[in-house]
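Subject: Structure for your files

Hello,

Here is the structure I said I would pass on. Please look it over before reading the notes below it.

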Amino acid sequence: MQELTGLICEACRADAPRVSAEELTEYCRQIPKWALRQEQGVDQLRREFSFKDFRQALAFTQMVGELAESHGHHPALVTEREQNYRETLCAN
């Protein structure tokens with residue numbers, strides 16, 4: 001099995017191959033800071049990042065957005081304020 005960091009995301013394609021339950025378990029071990037969740041029957045990876053101010057959260061959002069666009073991927077990016085600013089990145 002390949003390292004997850006060496007793969008290219010294909011999840012945005014309807015005909016993308018699905019990983020097996022065994023592969024999913026192994027890949028999740030490689031990214032321990034991410035959580036696998038189900039939203040409306042769709043598996044999604046989520047991770048939250050915290051920032052001390054809005055400027056940092058916005059810069060991070062822009063950086064992730066540009067990187068995702070360069071790969072043809074369009075994750076949900078949510079910036080919220082709960083005491084400190086929090087960015088939730090959701091990739092399905």
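The notes below go from the overall fold to individual residues.

Please keep in mind that this is a predicted model.

Overall layout

The protein contains two helices and four strands. Read from the N terminus, their order is α-β-β-α-β-β. Of the 92 residues in the protein, 21% are buried. The accessible surface comes to about 7,100 Å², and carbon and sulfur atoms account for 50% of that surface. Taking contacts between residues at least 6 apart in sequence, 48% join residues that are at least 24 apart.

Strands β1 (35-39) and β2 (42-51) pair in the antiparallel sense, with five bridges between them. Gln40 is worth a look on account of its backbone: phi is near 50 degrees, a positive value in a residue other than glycine. For context, most residues other than glycine have a negative phi. Is Gln40 buried or exposed? Its relative accessibility is 83%, so Gln40 counts as exposed.

The nonpolar core and its rings

The largest nonpolar core consists of five residues, namely Phe49, Phe51, Ala57, Phe60 and Val64. Both β2 and α2 (54-70) supply at least two residues of this core. Helix α2 gives the most, with three residues.

The structure holds two aromatic pairs. Phe49 and Phe60 make up a tilted pair, at 4.7 Å centre to centre and with 45 degrees between the planes. Because Phe49 lies in strand β2 and Phe60 in helix α2, this pair ties together parts that are 11 residues apart in sequence. Phe49 and Phe60 are both buried. Phe51 and Phe60 form a pair as well: their ring centres are 5.1 Å apart and their planes stand at 40 degrees, so this pair is also tilted. Together, Phe49, Phe51 and Phe60 form one aromatic cluster.

Thr79 in β3

Thr79 sits in strand β3, which covers residues 76-82. How accessible is Thr79? Its relative accessible area is 35%, so Thr79 is partly exposed. The side chain of Thr79 makes a polar contact of 3.4 Å with the side chain of Thr61. Thr79 can also be placed relative to Phe54: the two residues are 25 apart along the chain, and their C-alpha atoms are separated by 8.7 Å.

Regards

Conventions
Residues are numbered from 1 along each chain as its sequence is written. This is a predicted model: local features need pLDDT of at least 70, side-chain atom pairs count only at pLDDT 80 or more; totals for chains, interfaces and linings use all residues. Side-chain values use heavy atoms; hydrogens and water are left out. Buried means under 20% relative accessible area, exposed over 50%, partly exposed in between (1.4 Å probe, protein chains only). Contact means heavy atoms within 4.5 Å. Accessible areas come from the Shrake-Rupley method with a 1.4 Å probe; for residues, only the protein chains shown count as cover. A nonpolar core is a set of buried Ala, Val, Leu, Ile, Met, Phe, Trp, Tyr and Cys residues joined through side-chain atoms within 4.5 Å. A polar contact is a pair of N or O atoms within 3.5 Å; within protein, one must be able to donate a hydrogen and the other to accept it, and residues adjacent in sequence count only if both atoms are side-chain atoms. Two strands pair if DSSP finds at least two bridges between them. Rings of Phe, Tyr and Trp (its six-membered ring) pair if their centres lie within 6.5 Å; planes under 30 degrees apart count as stacked, over 60 as edge-to-face and the rest as tilted.
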